[in-house]
Amino acid sequence: MASNGFAMLSILVLALFASSIRSEETETKEFVLTLDHSNFTDTINKHDFIVVEFYAPWCGHCKSLAPEYEKAAAELSSQSPPIFLAKIDASEESNKGIANEYKIQGFPTIKILRKGGKSIQDYNGPREAAGIVTYVKKQSGPASAEIKSADGAAEVIGEKSVVAVGVFPKLSGEEFDSFMAVAEKLRADYDFAHTLDAKLLPRGDSSVAGPVVRLFKPFDELFVDSKDFNGEALEKFVKESSIPLVTVFDKDPSNHPYVSKFFDSPATKVMMFVNTGETAESLKSKFREVATSSKGQDLAFLVGDAESSQGALQYFGLEESQVPLIIIQTSDSKKYLKANVVVDQIESWMKDFKDGKVAAHKKSQPIPAENNEPVKVVVAESLDDMVFNSGKNVLIEFYAPWCGHCQKLAPILDEVALAFQNDPSVIVAKLDATANDIPSDTFDVKGFPTIYFRSADGKVVVYEGSRTKEDFISFIEKNKPASHGEESSTSTTIRSGEHKTEESAAKDEL
């Protein structure tokens, strides 16, 4: 404690010395606006453009962001006109209504609010001061920059950028308006520019008068044109053309933005993970051939080195011993696996997948050899037998091993299970949602713990009551069918934001 006290004394002395040569206003000034339920709406309404951080005091990432956010706010406040950054404690009970309105599910979440809050955009930029300043300044300007010279084109497009450039005979009309609307909608994630003269652009037909959209990129064919100005089609063109034919997942930071776009894509994702070695290049080459022949089939391809992709392997429940492998995830979250793949199998296995001949892969822990504890262990492979086809009334907890709230709940669920030990129609169970696939069409698990009850007659109800033994018992008794076959009444419940906050808190502190 003595050393901590000395450190605090040193800081105090330095602060007092600084105050003798600087005004108190400069010493204590904070440039980030502090908002709460009492001033949030009024403040937002006053600004045509404002950036708001939704944070929680206990959040480690929020603490790391705070000094960078403050530095950025100080610099942006000196712009003409000034740009304001703000923050609100979204974990504070009195502010939770605002957090729910903006669908805050984790911390920190940063939103860009325009036109008095009428337009809301996610902040997807850097988390250090200089990067925040650059990103926010760009977002506060026009959605699309006009190119008026070759030097201007070189500055906007660059050699490593993905930029959608509209070429128009005049800066008005239906096509121009459609382009600008898409630019405004996608400005958080993509760069846009427009010009009256295609001769200023570094690549492509320089004689074209437009209207045409030319998307420049530092990979594959380097640019691609489209003349479809339908809003939905133009948006799809920009998104799909901004992803490489085969996205590379490795330690190179220049590849990371493309990885993010890959996983955000709604397309079916085809991923190959390989170890470095003699066969890696031949595997990648054949994989690229398959990707090329699959254009237009709503498939997105990625290749990653196993060393950099441990998180992805863990997410899919895969082992390094299965590398090289191909894992496919469809838009409905079904997965298909080819482990220990060799070059000659890639094309034929992909054909079998497209023809519907490959069985779905299920991420699952092993079915336990013994399951004698009061709360029964369910895994993905036993979910059908123990829950859906058991003919029992099952209260099932979806949990994460690192979740503190789940750990506190464990002994309570043990007591609930013991209370029903003489009722063979009731099972209390748990499933590790981080290690097993869950049917998302039945169970909506977005945070931990999430608890559902599936009655013997097939009704599925989410539990939103208090986490006491008595409340759980009452809930089960109310929702299980009556012994003489009459259906018990159930009510539809709406999930609160509590679980999401708990999940975010636990993840943040990992």
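In the predicted model described here, Q329 stands opposite K335, a residue of strand β15. This position belongs to the pairing of strand β14, which spans residues 325–329, with β15, and the two strands run in the antiparallel sense over four bridges. Both strands are part of an open sheet of five strands, whose order is β11-β13-β12-β14-β15 and whose pairing is mixed. At the edges of this sheet are β11, with residues 246–249, and β15, with residues 335–338, each of which pairs on one side only. From one strand to the next, the twist averages 20°. Helix α11, formed by residues 280–293, packs on the sheet and touches β11, β12 (268–274), β13 (299–305) and β14, while the direction of the helix makes about 165° with that of β12.

The loop that joins α11 to β13 contains S294. This serine counts as buried because its relative accessible area is 1%, a value that lies under the 20% limit for buried residues. When residues up to four places away in sequence are not counted, S294 touches L299, F301 and K354.

A second open sheet of five strands has the order β1-β3-β2-β4-β5, and here too the pairing is mixed. Its edge strands are β1 (33–35) and β5, each pairing on one side only. Neighbouring strands of this sheet are turned against each other by 30° on average, if direction is ignored. Within the sheet, β2 and β3 pair in the parallel sense over six bridges, and I50 stands opposite F84 in β3. Helix α4 lies across β2, β3 and β4, and runs at about 165° to β2.

Several of these elements also take part in the surroundings of helix α6, which comprises residues 129–140. This helix has twelve residues and reaches 16 Å from its first C-alpha to its last, which is close to the 16 Å expected at 1.5 Å a residue. At the start of α6, a side-chain oxygen of E128 comes to within 3.2 Å of the backbone nitrogen of A130. The buried residues of the helix are A129, G131, I132, V133, Y135, V136 and Q139.

Charged side chains were examined next. Side chains of opposite charge can pair when their charged atoms come close, and the structure holds 21 salt bridges. One of them joins D225 to R214, with the closest N and O atoms 2.9 Å apart. This pair links distant parts of the chain, since D225 belongs to strand β10 (residues 223–226) and R214 to strand β9 (residues 212–216), eleven residues apart. The two partners can be described by their accessibility: D225 counts as partly exposed because its relative accessibility is 34%, whereas R214 is buried, with a relative accessible area of 0%.

A further salt bridge is formed by K251 and E307, whose closest N and O atoms are 3.1 Å apart. K251 lies in the loop between β11 and α10 (256–264), and E307 in the loop between β13 and α12 (310–315), so the pair ties together parts that are 56 residues apart in sequence. Both K251 and E307 are exposed. In another salt bridge, between E477 and K480, the closest N and O atoms are 3.7 Å apart. Here E477 counts as partly exposed, at 41% relative accessibility, and K480 as buried, at 14%. Salt bridges that share partners also join R114, E184 and R187 into one network.

V167 and R214 are 47 residues apart in sequence, and their C-alpha atoms are 7.6 Å apart in space. V167 is buried, with a relative accessible area of 0%. Leaving aside its neighbours within four places in sequence, V167 is in contact with T195, A198, L201, V208, A209, G210, P211 and V212.

Methods
Residues numbered from 1 in each chain as written. Predicted model: local features only at pLDDT ≥ 70, side-chain atom pairs only at ≥ 80, totals over all residues. Heavy atoms only, no water. Pairing = 2+ DSSP bridges. Axes fitted to C-alpha atoms, helices over the stretch in contact; angles between N-to-C directions. Contact = heavy atoms within 4.5 Å. Expected span 1.5 Å × (residues − 1). Buried < 20%, exposed > 50% of the residue type's maximum accessible area, 1.4 Å probe, protein only. Polar contact = N/O pair within 3.5 Å; in protein donor to acceptor, adjacent residues only side chain to side chain. Salt bridge = Lys/Arg side-chain N within 4 Å of Asp/Glu carboxyl O.
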